[in-house]
Amino acid sequence: MKLQEYTSSTHNFEECMKCTVCTAYCPVLQVNPLYPGPKQAGPDGERLRLKDPFFFNYALKYCLNCKRCEVACPSGVKVADLIQAARIKYDTSPPKWRDRLLASTDFMGSLARPVAPIANAVTGLGVTRTMMDAMFKIDHRRTFPKYSPYSFEFWMGRHEKEQAAFGEQVAYFHGCYVNYNYPRLGKDLVKVLNALGVGVQLLDKEKCCGIAMITNRMTKEATRNAKHNVSELSKAVDKGLMVLTTSSSCTLTLRDEYPSLLGVDNSSVRDFVIMASRYIYERLEKGAALRFKPDYHKKVAYHTPCHMEKLGWGVFSEKLLRMIPGVEFTMLDSACCGIAGTYGFKRENYEASQAIGQPLFDQIKAVNPDVVACDCETCKWQIEMSTGYTVMNPISILAEAIDNNKTE
Amino acid sequence: MKFNTVIIGGGLAGLTAGISLQKAGCSTAIISTGQNALHFFSGTLESMEDAPQRVTDLFAEAGIALHYTPGVRLMPMGTFKKAALSLEDISLFPETKIGQKALIVSFTGYHDFFCSFLAEGLEKQGVQCRIKLLNLPELEQLEKSPSEMRSVQIARTMDRIWETVVREIRILLRDEDTVILPQVFGLRDTSVLSRIRQGIPAQVVFTGTLPPSVPGIRTQILLKRRYELLGGTYLMGDEATGAHVYDGAVHSIVTHNLGNHFLEADNFILSTGAFFSKGLKSNPFEISEPVFGLDVEQAGDRSDWYNPEFMREQPYMKYGVATDSSLHALKGGEPIKNLYAIGSILGETRPELGTGGGLAIRSALAAADEILKNTKE
Amino acid sequence: MSNQEYDVIIIGGGITGAGTMRDCAMRGLKTLLIERSDIATGATGRNHGLLHSGARYAVNDPESAEECIKENMILRRIASHCVDETDGLFITLPEDDLAYQQTFVEACRKAGISAEVIDPELAKRLEPSVNPDITGAVRVPDGSVDPFRLCAANMLDGKLHGGQVRLHTTVTGFIKESDTIRGVHTRNLVTGEERDFYAPVTVNAGGIWGHDIAEMAGVHVGMYPAKGALLVFAHRVNNMVINRCRKPSNADILVPGDTVCIIGTTSTRIPFEECDNVSVTPDEVNLLITEGAKMTPSLSSTRILRAYAGVRPLVSADDDPSGRNISRGIVCLDHEERDGLKGFITITGGKLMTYRLMAEIATDAICRKLAVDKQCQTAETPLPGSEESSYEAVARKIWEKPSMAQKAAAARMGTRASRIRTRDTLDEALICECEEVSVGEVINAIERLDASTLTDLRRRTRIGMGTCQGEFCACRAAGLLAKSHGCIEKEREDLKEFLQERWKGNFPIGWGDTLREAEYTQWVYKHVLGL
């Protein structure tokens, strides 16, 4: 390389032109004056922090990690990565118990799932919510996702043989939500893939992708999970399998957050981990066909989750949904719903969280769809709780629309 | 994914081309590395000193009213520039004496609007000026943050409380025939602008602020919405990282987000802007075009790139991608037959197409016409 | 005594003049400082900002080395808010002779400089940006010092002790009675006002311009101007000073200073005519990057913010056999003894590091002339702002929960940050986002620190010194300045001059992100704002 032929900096912070476009698109800034905003928290703050960690600002915790600043940045600065990396590096106080609790989706799921009816009943109780608010500052107005009485892994175990019978195979990284709360989404994916002649298998043992651990500064735990998952993914990739996902946040974490925030090298597996909607779209583009129910009709409004926006793959979900005959498609303005994983569950963020989502909720009510489509489970909770509309993953809508008997 | 045309760069040029092609029934995709120079738009399409029906129609269909009359427009530092086709925010005047008396209104604690410079500039033209700062409790929330008394954040508030502003100004107004306000109104649409103009019994002149530009962001939102309504695919936050070029034609492009899912098309338009937007890249040795490695017209020696006087014209700003008469981009001196370069990536290599916004629109329409002509053939 | 009469008039508002003013005023002299431009506009503000340990001079110039280490320790005490105690490394690259290390360390010890040979592996851990191929490393008590702050604090203390400062005022001639300088004719370059000032002693502390001042007084001082070019990188790549352990040469010091780091320097003799307008050539830029990247490889791919050059006032002492050559660095000439011209002293040579010693030597000479018997106290008394040991302590003392801008202000102003107006949240609004400068801090600089132009403001607050180089803050600050002096036309020109001055440092390294930023700035000021 010749001297100064190109320049580089951590998360591209030196490419910032100080144009302030990111601040115009930050959802937090619009509702929380305590948050310094992505430009100040990110590239501006980075120069000062490099001078002296004294300049670390604890208000960085208000960042949602929605990455909309990065999508908006005309210069390619990884603004949100800068902010999260700074939190990891400089905020050395131990995470609160509440944050640990919220972030341990895997652990909580495995505890609650066997006693799902009780757990659901308990977390639904007014008194429990008041207690959680008082003890852990988990906002009492928040509804909790229900736990499933059986795990998706259990269900897959019972269908292993029939799945293995398919000539073509893919692996599925289901994530905590499908496993503990909503196995139906996993089953829907299996249905659609089977209809395309593809069998599904699981990784030997997946662990939570760790996104909630990252934003709650449980870096050690997150790194452990990341290393584990990369090695599990490698096994699948070595077998020649693509690894599909149905959650945009898990996908972003597996592909991009591992190397950029945790320093875990995933280069050997990254390109093989893709959203199921992209995989299915590509199959159909290459000539595979799905048969749809002739009488299917649904008014679908698609919400692009923040991390889907960051992945840049919303287009695949959109095009898939538009392909379904009988779907009346509306694209909602791309905007954050406000939940951002565990962020909205924290009492200090509840008001901000709902205020951030308000424009989206208003638009949904104005469109009045039969169902809102979106590829993220936490958006689903937030939108369902805040609007009363049902939210479905595009894969589930696809599964509902296909005519199993007639698909070749 | 395959389209009739893939457009790299989603600013004014890219969106104009995209809308034109979608309207003509071509499927297109726009790939845009984040937001673009429309966020710093002055509100006037530089060098477009007329109002071609085709352009005004295209914008009107997106909900953007453009107007033009010969004369001048008032700049934020109190100077005047030649009039050109402008958004409805921008007032165009036949002469620099824009009124007898002007009331300049801003907000306490807002440093991105230059009242005293405006007043001095106007007084030189014989306009008597009075400056008033509004102290609105609704802005207190913004004041709490040291970096948020900025145009866009104020505009969000103003779009809610414009009636208060009208009321306050009516109280302040004495015998002024002109009221000058910062461009912090109408982030989503222009209805607030007309309501304010109706509500104040004087001519209201919305004048620019430090970026981001509120009229610019609105223009971006409306054009993008129009483009998507016409069925266009806008891939925001993605970047073209490479291209497959065979036999003098582009086959597909590679993007950062889509990886090995290439974007194929019959035609490609390159509207990635100049240096700021990274349409042109520079290092100590040369200026280059990063996606296709196109020919860039430039002076060979770096010391010729600059004029040491800041306010003078800078040679580097004139450099741009070389094109043939129908805007096909050149590589190794040969035109790539289905690749068109439009907008500010052309620099001043095509002076007949103008500069700034005028260049963006003229070149975008020319490229779209060329594509449609070839598609029909 | 009328208000135009002083005990001493000091010409030059660089660090030497400011330091001398402080010393004189502290010894009870009625002092006037005259500066034709602003504080620290010459060599004072145009160097590395290195708090030398003296190690660099230990081998070749032990006397300077001893002066440096003594002053180094003094500045840590009296100027804590101007000093960053980073420590420094002298590294040996594979191409350098490791044997020199021993010579170096011995020389350091002789000069009283702590020089600890450390394992290269430890050096890499202490300073990860250092070239991984180093074969040797020595740790020394280098640091960085902010010359603008240091100069401003000295001047401020001079004022607090009754001294007066006239900036933007040029000396147009001397009031001379036969063989005695009685005072100076001056003109204020802003208002055009002409005034005469009288004093029994006039001190020439004009740096390289001291050559012309001496000529004006009718004496000759053999100086020659040596240009040194430097590059500012956009952020701190290193947190310790990095030097090459070899004979001092070009581009072998990388100093972390505030939010940036600076590589330098070169040394080229230039004609006197060029002193007012030095620029950095492409060859100098290439040399600085090439040599810098040898010490710290990442410099080859780090964004460069600007290039600048200063002029060192080198004194050819050998031409002055009659001169009082106090040390090999510092030159204090009593022109009565040397040239028979009474009431005139020249203080020159020396370094930023040894300014206090220079001031002490000059003030001793002044006191001798005035028959004043007062001891120098500048080595013991902290400068205003430096009463606390760290800016962390300052910030926490003034504000319960300091904001970013308050932390940054504490780092810039020390305890004087408590004087920043924080009437309401509006005073806390940021004018400069890159360097975190608030409205209150800008107003303080205008009202209390004699800032009358944007460039003055830059030296006192760092506005325009950050990544955007004034793109956003310049016009905001111009609004505040316009409000204070009331002349918009003047402010419009000031804004243009400021942007021109920034561009002058940008275009020599105008590529990559720097060129992008420049294009954007041009766009904003020309097309959006219509300046």
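Domain bounds here come from an automatic or database domain assignment, and the structure is a predicted model.

**View 1. The domains of chain C.** Three domains make up the division of chain C: domain 1 (8–43 + 148–222 + 316–370), domain 2 (82–144 + 224–312) and domain 3 (420–528). Taken over C-alpha atoms, the centres of domain 1 of chain C and domain 2 of chain C are separated by 31 Å. Eight residues from domain 1 of chain C and eight residues from domain 2 of chain C form the contact. On the side of domain 1 of chain C that touches domain 2 of chain C, helix α6 (residues 147–160) of chain C gives the most, with three residues. That side has five nonpolar, two polar and one charged residues.

**View 2. The contact of chain C with chain A.** Chain C contributes 29 residues to this contact and chain A contributes 23 residues. Two or more residues on the side of chain C come from each of α8 (282–295), α12 (404–413) and α17 (512–528) of chain C. The largest share, five residues, belongs to α17(C). By class, the side of chain C that touches chain A has ten nonpolar, eight polar and eleven charged residues.

**View 3. Domains 3 and 4 of chain A.** Chain A is divided into domain 1 (10–90), domain 2 (97–136), domain 3 (152–283) and domain 4 (292–406). The C-alpha centres of domain 3 of chain A and domain 4 of chain A are 21 Å apart. In their contact, 23 residues of domain 3 of chain A meet 23 residues of domain 4 of chain A. On the domain 3 side, α12(A) gives the most, with six residues. This side of domain 3 of chain A has twelve nonpolar, eight polar and three charged residues.

Terms used: Residues numbered from 1 in each chain as written. Chains lettered and ligands numbered in written order. Predicted model: local features only at pLDDT ≥ 70, side-chain atom pairs only at ≥ 80, totals over all residues. Contact = placed C-beta atoms within 7 Å. Helix = DSSP H or I, 4+ residues; strand = E, 2+ residues; numbered from the N terminus. Nonpolar A, V, L, I, M, F, W, Y, C, P; charged D, E, K, R; others polar.
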